[in-house]
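Here is a short report for someone meeting this structure for the first time. It goes topic by topic.

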Amino acid sequence: LRADDLGYSEAVNYGIEKTVKHGIIRSVGLMPNMPAAAHGIRLLQDTNICLGQHTNLCVGSPCADPAYIPSLLDESGELISSRSYREAWRCGKEIVVLEEAIIEIEAQYQRFKELTGHEPCYFEAHAVQSLNVSKALRIVAQRHQLKLNDRASDGATYTFNGKTISYCPMKSMEKDYDPWQSLWQGVLNAREDMPNIFVCHPGYLDYYLMQHSSLTINRTKEVEMLTDPTLPDWLKEQGVELITYNDI
C-alpha cells in the first residue's frame, strides 16, 4: 500500500503521518517541489518508511528556473493544472516540451536529495497524461539509475525497476468512494504471480488543499481505513503479505 502526495499541504502531511505511525502505510511518495515537503519529512523522521519521489508537474511552483520550462507553466508562473493535461490528452495534443519536462524532473530529483539526504526508493509521477512526461521520467531515471515505476509498453500493465507489477483499480475520485470496499476488491482481484500496488491518498483538509485539489473528503476516509486496528489481522486472514518497494 502506497500513500501519495506527502508535501501537498500540512494537513495532508498530518493524515499521512497518522497512517504511517498508527496504520499500515510503509511506502510514501514525496512531492519535492511543494512548500510543505520539508514539513512532511520532519513528521516522518525515524519511521523507517520507503520514501519515493512522487514527481509533481501539475500543482505548485516549479523547482527549475521558470525561464527554461515555459510549456509546463500557466500565466501565473505556476505548474499547469492536471485538468489542462486531461483536456489536451482528450484532444490528442501534447502540451509539454520533452526537454523542458526533463529539466523540471531533474530539478525535482535534486530537490528530493537536498530534502532527504538520500536517493528515492522509487521514482514515479503525480497523475498526468502526457507521453513527453513519461519519456522524460524514463530519461531522468536512466540517467541516475533510479528505480522507475513505469507503465509498460503495452499500455495496460506496469513495471517497477524492470519487473512486472499490478495496480489495483483506484476509485478515490468517485463521489461515493468506500475505501474499505475498494481495498476488498483489490485483494479479491489481486494477481498472485506479481506484486500488487494499492495507491492511497490519505490526508486531512486545509485551505490550500481545498483550493488546489479535487480530491478532498475521500482523503480523510482513507486515513480512517488505513488506521483501522482490525485491518492488519483481516489482511493476514486474506493471505496478504504487506511489502514495500524495497522488497520488490
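## Salt bridges

Arg-191 and Asp-193 join their side chains in a salt bridge, 2.7 Å from N to O. A salt bridge here is a side-chain nitrogen of Lys or Arg within 4 Å of a carboxyl oxygen of Asp or Glu. Arg-191 is partly exposed, at 39% relative accessibility. Asp-193 is exposed, with a relative accessible area of 54%. Buried means under 20% relative accessible area, exposed means over 50%, and partly exposed lies in between (1.4 Å probe, protein chains only). The structure holds 9 salt bridges.

Arg-2 and Asp-4 also meet through their side chains, at 2.7 Å from N to O. Arg-2 is buried at 4% relative accessibility. Asp-4 is buried too, at 3%. Arg-2, Asp-4 and Glu-124 are linked in a network of salt bridges. Another salt bridge pairs Arg-143 with Glu-106, their closest N and O atoms 3.0 Å apart. Arg-143 sits in helix H5 (residues 131–144) and Glu-106 in helix H4, so this pair ties together parts 37 residues apart in sequence. Arg-143 is partly exposed at 46% relative accessible area, whereas Glu-106 is buried at 16%.

## About the model

This is a predicted model: local features need pLDDT of at least 70, side-chain atom pairs count only at pLDDT 80 or more, and totals for chains, interfaces and linings use all residues. Residues are numbered from 1 along each chain as its sequence is written, and side-chain values use heavy atoms, with hydrogens and water left out.

## The sheet

Which strands make up the open sheet? Its 4 strands stand in the order E5-E6-E7-E8, with mixed pairing. Strands (E, at least two residues) and helices (H or I, at least four) are DSSP runs, numbered from the N terminus. Two strands pair if DSSP finds at least two bridges between them. Strand E5 (149–151) and strand E8 (196–197) are at the edges with a single partner strand each, so one side of each has no neighbour in the sheet.

Strand E6 (residues 158–160) and strand E7 (residues 163–167) are antiparallel, paired over 3 bridges. Thr-159 has Thr-164 in E7 as its bridge partner. E6 and E7 form a hairpin with 2 residues between them. In its turn, Asn-161 has a positive phi of about 55 degrees. E7 and E8 run parallel, joined by 2 bridges. Here Tyr-167 has Ile-197 in E8 as its bridge partner.

## Nonpolar cores

The largest nonpolar core has 32 residues. Such a core is a set of buried Ala, Val, Leu, Ile, Met, Phe, Trp, Tyr and Cys residues joined through side-chain atoms within 4.5 Å. Leu-1, Ile-16, Ile-25, Val-28, Leu-30, Leu-183 and Phe-198 touch the most other members. Among the elements that each supply at least two residues of this core are strand E1 (2–6), helix H1 (10–21) and helix H4 (98–116). H1 gives the most, with 3 residues. Apart from this core lies another, of 24 residues, including Ile-69, Leu-73, Val-96 and Ile-102.

## A nonpolar surface patch

Leu-205, Met-210 and Ile-217 make a nonpolar surface patch of about 260 Å². Leu-205 lies in the loop between strand E9 (199–200) and helix H7 (207–212). Leu-205 counts as partly exposed, at 33% relative accessibility. Patches are made of residues with over 30% relative accessible area and no salt bridge: like charges are joined within 9 Å, nonpolar side chains (Val, Leu, Ile, Met, Phe, Trp, Tyr) within 5 Å. Accessible areas come from the Shrake-Rupley method with a 1.4 Å probe; for residues, only the protein chains shown count as cover.
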